[in-house]
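Dear colleague,

Please find below the structure I promised to pass on to you. My notes on it follow directly after.

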Amino acid sequence: MALERNPVWQAPAGESAAAEEAEESEVDALARKLAWSAALSLPVFALAMGEMVPSWHLHRWPEASRAVQGLLATLVVAGPGRFIFARAWRSLQQGHLNMFSLVAMGIGAAWGFSAVAWVVPGLFPATLQHGGQAPLYFEAAAVITTLVILGQWLEARARSQTGEAIQALLGLAAPLARRLREDREEEVLLAAVEVGDRLRVRPGEKIPVDGVIEAGRSAVDESMLTGESVPVAKGPGDAVVGATVNQTGSFVMRAERVGSATLLARMVQMVAQAQRSRAPVQRLADRVSAWFVPAVLLSALLTFVGWMMWGPEPRLSFAIANAVAVLIIACPCALGLATPMSIMVGVGQGAQLGVLVRDAAALEEAGKITHLLMDKTGTLTEGRPAVTHLQALHPARESLLLAVAASLEQLSEHPLAQAVVRRAQEQGLALLVAEDFRSTTGSGVSGLIGGSLVRVGRGSWLEALGLPLPAGLREAAQALQEQAHSVIWVAEGEAVSGFLAVADPIKPSSAEAVRALQALGLQVMMVTGDNAQTARAVAQRLGITEVRAEQTPADKLEVIRHLQAQGAVVGMAGDGINDAPALAAADVGIAMGNGTDIAMQSAGLTLVKGDVRGMVRALGLSRRVMRNIRQNLGFAFAYNALGVPLAAGLLYPLGGWLLNPMVAGLAMALSSVSVIGNALRLRGGDGER
């Protein structure tokens, strides 16, 4: 489904929709040119070949045959093939020779020689003529033009099909949303949904926009983003992404990102931008082409001179034919396609694997990473504190201890306080009324609950107030602190009644991802602004040996620059605003899809769901794409290295074998098709290894 037909995507993906429309228009235009060119070239080819078949008796009407060939070939070259000469002229004006320069010269040489031989045959010496007529190469000019158009159409079609896979994925957005008002529920177009709207999602429906569940529980199929087939359990406070599918339960969500701010809209923009970007290896191919074109022109000139000096009669005919063959077969079409095709297919494959590529350079460099720096909070951990342990002086009072602490902490805005309140809500505990609430900065909070003074905060604060910590609880709390937990003590009246341990849970996939990255030969480092004790505890559980804790954004930059100065290729993974400078400075910045917009804008790669295992997929994808590019470049260079000597007539002394210019054009087109086919293998089995 095209984006412009869906009002939801008009605003967020205007640039991408325009690019898609332009690609479709280009494919259609080239298809029309190909149809006309093929229809006109076929009679030219038949007449030219028919002259060699005695039973066709075309030799009885030579003038008519030559006239039809000349007229039809001229229509092909001046009509569908006109854009070839226009591009060649622009490249000459810009001083940047490319494949169109070679193609235009080859076609122009074949058509120009034939036109002169047809209109003014008396200009050519008798040694060049056969049966009183100079040979024509109209069929070569027409067929070569058709083959070039065919190659351009195949390239445009492949590029369009690569984008279609992504567009089909993003076109799954729900067209309608169920918006809740105070007195009613109404269906509205997705474009009418605003931030803050409360939406109901029923079983089996697509989630309309990005948001957070307020009430209800369900399982959500997020396979379109993650590739994982197992639905993900969701409940109050959990984030949901637009266009994913609600499975079992019904829930009410609050819209947080709509229109161009949704994850899917950003995916469209990022993928479109990445497919139009150029990788360093592509610039290398361009530089090679800059000297390759003059080298081919020199080869054609030497071929012409060689045949004129040492070739058999008619020398001029042989010289022109072989020089034209050199110009045609050396056309760097395959060289020009080698990199962009692999990049475009790789970007599309990355989107399906949950890896968004913002620029092609990041995709290229990812496979070269030697050192991967990873932030802790939000990257290796969930990024949201949660109560992990609850221990009361009297075990039977644990639920009451949590209810009392949450009743007081609900009046605080501290992240740890919010974690306590969430745990109480998850357990369905009724919160009590707290009065005379007071907050002591850096220490804790206090208030009256049921007439009794309750204090919640640091153990050192309670001890300073003359409330000793029970020895048994103190030892348990110290063990948890050594495992990167923050301990919140609770005192009711004049005695400490227990504690809650809060931690930022490590993502379930982090340990597996770190092991896989280390197995790929990467040096994995944790670089975090958190305290050293917490950082070391998390790193130890994940198997990370090198840790830089209490790092400011400037410190992270310095670490990256130091490693780069030593020759390392540095990747940086993070999710917060404070990570943005490091993400931009690294050779490859990798942002978590559940992180901040600034982080994603600063990074070259984004992991859609923030799953650290996506880094393994990103590195594997990069290496497959680069291997594919090297295969394409190697094939293109080998093809030209073999083709040019054959076209120049290297085998003629051995067996009288020459490469017809038309056959050279066919070989050139087939080389481009081979490169395209090899790049498209990334979408199949080759892309999975």
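I begin with Thr 528, which is found in the loop that runs between strand S18 (523-527) and helix H19 (532-542). Please bear in mind throughout that this is a predicted model. Thr 528 has a relative accessible area of 1% and is therefore buried, the limit being under 20%. Apart from its neighbours within four places in sequence, Thr 528 is in contact with Asp 375, Lys 376, Ala 535, Arg 548, Ala 549, Glu 550, Gln 551 and Lys 556.

Asp 197 lies in the loop between strand S2 (185-189) and strand S3 (198-201). Is Asp 197 buried or exposed? Its relative accessibility is 9%, so Asp 197 counts as buried. The side chain of Asp 197 reaches the backbone nitrogen of Glu 194 at a distance of 2.9 Å. When neighbours within four places in sequence are left aside, the contacts of Asp 197 are Arg 179, Arg 181, Ala 192, Met 253, Arg 254 and Ala 255.

The strands around this region may be taken next. Strand S9 comprises residues 251-257 and pairs with S3 in the antiparallel sense, over four bridges. Within that strand, Val 252 is the bridge partner of Arg 200. S9 also pairs with strand S4 (residues 210-216), again in the antiparallel sense, over six bridges. Here Ala 255 of S9 is the bridge partner of Gly 211; Ala 255 is also among the residues in contact with Asp 197.

Because its relative accessibility is 47%, Leu 298 counts as partly exposed.

Finally, some totals for the chain. Its secondary structure comes to 25 helices and 22 strands. The chain has 689 residues, and buried residues make up 52% of them. Among contacts between residues at least 6 apart in sequence, 68% join residues at least 24 apart. The accessible surface of the chain comes to about 29,700 Å², and carbon and sulfur atoms account for 58% of that surface.

With kind regards

Terms used. Residues numbered from 1 in each chain as written. Predicted model: local features only at pLDDT ≥ 70, side-chain atom pairs only at ≥ 80, totals over all residues. Heavy atoms only, no water. Helix = DSSP H or I, 4+ residues; strand = E, 2+ residues; numbered from the N terminus. Buried < 20%, exposed > 50% of the residue type's maximum accessible area, 1.4 Å probe, protein only. Polar contact = N/O pair within 3.5 Å; in protein donor to acceptor, adjacent residues only side chain to side chain. Contact = heavy atoms within 4.5 Å. Pairing = 2+ DSSP bridges. Areas by Shrake-Rupley, 256 points an atom, 1.4 Å probe, with all protein chains shown as cover.
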